[in-house]
Amino acid sequence: WLSPVSRTFQGRDIMAPVAARLSLGIDPAALGPAQHELVMLEWTEARVSDSKIEGAVQSIDSFGNLITDISADSLAKVPRDENTAIFCDEHETRGIFGTYGDQPPMTFVAVIGSSGKLELAIVGESAADMLGIAVGTPVTIQW
C-alpha cells in the first residue's frame, strides 16, 4: 500500500485518488504489496539569491500542473508583475498570478498553489504533456 512518502507514480501526484478509493472501502491490498521498510528520499530545496531563485519541478499533479520545490516563503519579496521571468526548460512565462483563471485558456502561467509551492501550468491543459516537462527539470525565476 502507499504511504505519504510515496505520493507520486511516474512523476504524477497520486495521493488524492488513492485516498478517495480507500475512503470508499477499497481493500488496501488491491493497491499493491505492503512495504516493509522505509526509503529515504532526496528532497530538493530551491536556492535563493538577491534577484534569482533556482529550483526544480518536484512533482506533477493529476491535472498536469508542474509543482516546484520553490516555496511561497521564498517568493515573498519577488515582484509579481511582468518584470519577473520564470523559465522551465526552454519555456518562459512572466509574472506570478493569484489563480489559474487570471489568464486565458492555453496560457503558460505561474501561480502559488494550494501546496504553498510555485506551480507552472497551462490554463485548461496539461503543462506536463504539452511542454514535455518531467520531474527534475530545472526552474529559474529572475527579476
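Me: Which helix holds L131, and is L131 buried or exposed?
Reply: This is a predicted model. L131 belongs to helix α2, residues 127-131. Its relative accessibility is 18%.

Me: Which residues does L131 contact, leaving aside its neighbours within four places in sequence?
Reply: A contact requires heavy atoms within 4.5 Å. With neighbours within four places in sequence left aside, the contacts of L131 are H91, F108 and I122.

Me: How far is L131 from C88 in space, C-alpha to C-alpha?
Reply: In sequence, L131 and C88 are 43 residues apart. C88 falls within strand β6, residues 85-88. From C-alpha to C-alpha, the distance between L131 and C88 is 9.5 Å.

Me: Which residue of β9 stands opposite F108?
Reply: Strand β8 (residues 108-112) pairs with β9 in the antiparallel sense, over five bridges. The two strands form a hairpin with four residues between them, and G116 in the turn has a positive phi of about 80°. In this pairing, F108 stands opposite I122.

Me: How many residues of strand β9 are buried?
Reply: On one side of β9 lie K117, E119 and A121, and on the other L118, L120 and I122; both faces are covered. Strand β9 is largely enclosed by the rest of the structure, because its buried residues number six of the six.

Me: Which residue of β9 does S71 stand opposite?
Reply: Strand β5 (residues 66-71) also pairs with β9, in the antiparallel sense and over three bridges. In that pairing, S71 stands opposite K117.

Me: Which residue of β10 is the bridge partner of K52?
Reply: Strand β4 (residues 52-60) and strand β10 (residues 138-142) run antiparallel, joined by five bridges. Strand β6 is joined to β10 by four bridges, again antiparallel, and there A85 stands opposite Q142. For K52, the bridge partner in β10 is Q142.

Me: Which residues are linked in a network of salt bridges?
Reply: Side chains of opposite charge can pair when their charged atoms come close. E54 forms a salt bridge with R47, with the closest N and O atoms 3.8 Å apart, and K52 forms one with E54, where the closest N and O atoms are also 3.8 Å apart. The network therefore consists of R47, K52 and E54.

Me: Is R47 buried or exposed?
Reply: E54, the salt-bridge partner of R47, has 29% relative accessibility and so counts as partly exposed. R47 is at 53%. Over 50% means exposed, so R47 counts as exposed.

Me: What is the N to O distance in the salt bridge of R94 and E92?
Reply: The whole structure has three salt bridges, and one of them joins the side chains of R94 and E92. R94 is partly exposed at 40% relative accessibility, and E92 is partly exposed at 40%. The N to O distance between R94 and E92 is 3.0 Å.

Me: What is the accessible area of the nonpolar patch that includes I26?
Reply: I26 lies in the loop between α1 (15-23) and β3 (47-48). At 31% relative accessibility, I26 counts as partly exposed. The surface patch is formed by L22, I26 and L31, and together their accessible area is about 200 Å².

Conventions:
Residues are numbered from 1 along each chain as its sequence is written. This is a predicted model: local features need pLDDT of at least 70, side-chain atom pairs count only at pLDDT 80 or more; totals for chains, interfaces and linings use all residues. Side-chain values use heavy atoms; hydrogens and water are left out. Patches are made of residues with over 30% relative accessible area and no salt bridge: like charges are joined within 9 Å, nonpolar side chains (Val, Leu, Ile, Met, Phe, Trp, Tyr) within 5 Å. Accessible areas come from the Shrake-Rupley method with a 1.4 Å probe; for residues, only the protein chains shown count as cover. A salt bridge is a side-chain nitrogen of Lys or Arg within 4 Å of a carboxyl oxygen of Asp or Glu. Buried means under 20% relative accessible area, exposed over 50%, partly exposed in between (1.4 Å probe, protein chains only). Two strands pair if DSSP finds at least two bridges between them.
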